[in-house]
Amino acid sequence: MTQDRTEYTSRYAIDPAAAAVMGTDELRHNFHIGDLFQQNRVLLHYTHYDRMIVGGATPIGGPLALETIKPAGTKNLLDRREMIVVNIGGTGQISADGQSYNLAQRDMLYLGMGTNNVSFTSTDRDLPAKFYLLSAPAHQTYPTRHIRIGDAKRVDLGSQATSNERSIFQFIHADGVKTCQLVVGMTQLAKGSVWNTMPCHVHDRRMEAYLYFDLPETACVFHFMGEPDETRHIVMRNEEAVLSPGWSIHSGAGTSNYAFIWAMAGDNVDYTDVDPVAIEDLR
């Protein structure tokens, strides 16, 4: 579906029994999101997992406007929603309510409910910004906040011995920027490490979305999903996203190190509110 330079799809919720009998094409059709960063387009995927919208905006030349879409049901997209934008490309600018924000690579901007007149531009059309968009319903307005990667809360975890040495950057946390329900962060795998989120977990109280990036062209990540005793995988390439329902594990192993942005929406924003899954219980 098209509306000016904005395109959208709707992704309906899939239950675990249905996912368990899906083949590769069906899994990719329902959970995989590719081609997010098309020049001069805003691409939005309206999901029926906690009504999360996952999208991308890649401006070339003039400003690229954030327009509403039919599933949102509002005159402006953020009339009843909040949004977090993470730039994974070249330096760019976001204009919102008449204010301009300069986002370097890996910077984040939070836009509260009611924000209007949002547009995206790139500083250099030969090295365009790539804005990763995440939006969820909101119940009150929090102020717009620009968070640079250096301002994020950093947590170093894992080890070379288990191939999962990594740094976690929490953009949203209890002592930082306030949101209604969006929680977003970034994980960077160290050289020589390939595993993320293992041992894994589920959290039925909130959904999650992963965007894998900083992958070489010839590399891939095997993203693992499904119920702990009925696992499946989806092969992910650079700058592709995947949806993770609350009932599903979300873990991955790459053919090289990589980075990914994780985003959650749902009942709570407590990082530790998860149901651990022991490695020996996986099937």
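Two strands pair if DSSP finds at least two bridges between them. I start from that rule because DSSP runs also set the elements: helices are H or I runs of at least four residues, strands are E runs of at least two, and both are numbered from the N terminus.

**Entry 1. Ground rules.** I am working on a predicted model, where local features need pLDDT of at least 70, side-chain atom pairs count only at pLDDT 80 or more, and totals for chains, interfaces and linings use all residues. Residues are numbered from 1 along each chain as its sequence is written, and side-chain values use heavy atoms, with hydrogens and water left out.

**Entry 2. The whole chain.** I counted 2 helices and 25 strands in the protein chain. Along its principal axes the C-alpha trace spans about 55 × 40 × 35 Å. I then checked the radius of gyration, which is taken over C-alpha atoms; the globule rule is 2.2 Å times the number of residues to the power 0.38. For 283 residues a compact globule would come near 19 Å, and the protein chain has 18 Å, which agrees. Burial came next. Buried means under 20% relative accessible area, exposed over 50%, and partly exposed in between, with a 1.4 Å probe and protein chains only. Of the 283 residues, 54% count as buried.

**Entry 3. The sheet with E20.** I looked up strand E20 (residues 221-227) and strand E23 (residues 251-254). They run antiparallel and are joined by 4 bridges. Valine 221 has glycine 254 in E23 as its bridge partner. Both strands belong to an open sheet of 4 strands, in the order E17-E23-E20-E21, with antiparallel pairing. Strand E17 (195-196) and strand E21 (230-236) stand at the edges with a single partner strand each, so one side of each has no neighbour in the sheet.

**Entry 4. Strand E8.** Is E8 mostly covered or mostly open? I found it mostly covered: 4 of the 5 residues in strand E8 (residues 92-96) are buried. E8 pairs with strand E9 (residues 99-103) in the antiparallel sense, over 5 bridges. Isoleucine 94 has tyrosine 101 in E9 as its bridge partner. E8 and E9 form a hairpin with 2 residues between them, and aspartate 97 in the turn has a positive phi of about 55 degrees. E8 also pairs with strand E11 (residues 119-122), again antiparallel, over 4 bridges. There serine 95 stands opposite serine 119.

**Entry 5. Aromatic rings.** Rings of Phe, Tyr and Trp (its six-membered ring) pair if their centres lie within 6.5 Å; planes under 30 degrees apart count as stacked, over 60 as edge-to-face and the rest as tilted. I found 7 aromatic pairs in the structure. Why is the pair of tyrosine 210 and phenylalanine 260 stacked? Their ring centres are 4.7 Å apart and their planes are at 20 degrees, so the pair counts as stacked. Tyrosine 210 lies in strand E19 and phenylalanine 260 in strand E24, so the pair ties together parts that are 50 residues apart in sequence. Tyrosine 210 counts as buried at 2% relative accessibility. Phenylalanine 260 counts as buried at 2% as well. The rings of tyrosine 212 and phenylalanine 260 have their centres 5.7 Å apart and their planes at 45 degrees, so this pair is tilted. It links distant parts of the chain, with tyrosine 212 in strand E19 and phenylalanine 260 in strand E24, 48 residues apart. Tyrosine 212 is buried at 0% relative accessibility. Ring pairs link Tyr210, Tyr212, Tyr258 and Phe260 into a cluster.

**Entry 6. The largest pocket.** On a 1 Å grid over the protein atoms alone, a cavity is a set of points where a 1.4 Å probe fits but cannot get out; a pocket is an open set with protein on both sides within 12 Å along at least five of seven lines, and lining residues have an atom within 4 Å of a point. Grid points are joined across faces, edges and corners, and a volume is the space filled by probe spheres set on the points. The largest pocket holds about 520 Å³. Of its 22 lining residues, Leu157, Ile168, Thr197, His201 and Tyr271 are the closest to its centre. E14, E15, E19 and E24 each supply at least two lining residues.

**Entry 7. The cavity.** I found 1 cavity of 30 Å³ or more. H1 gives the most to its lining, with 3 residues.
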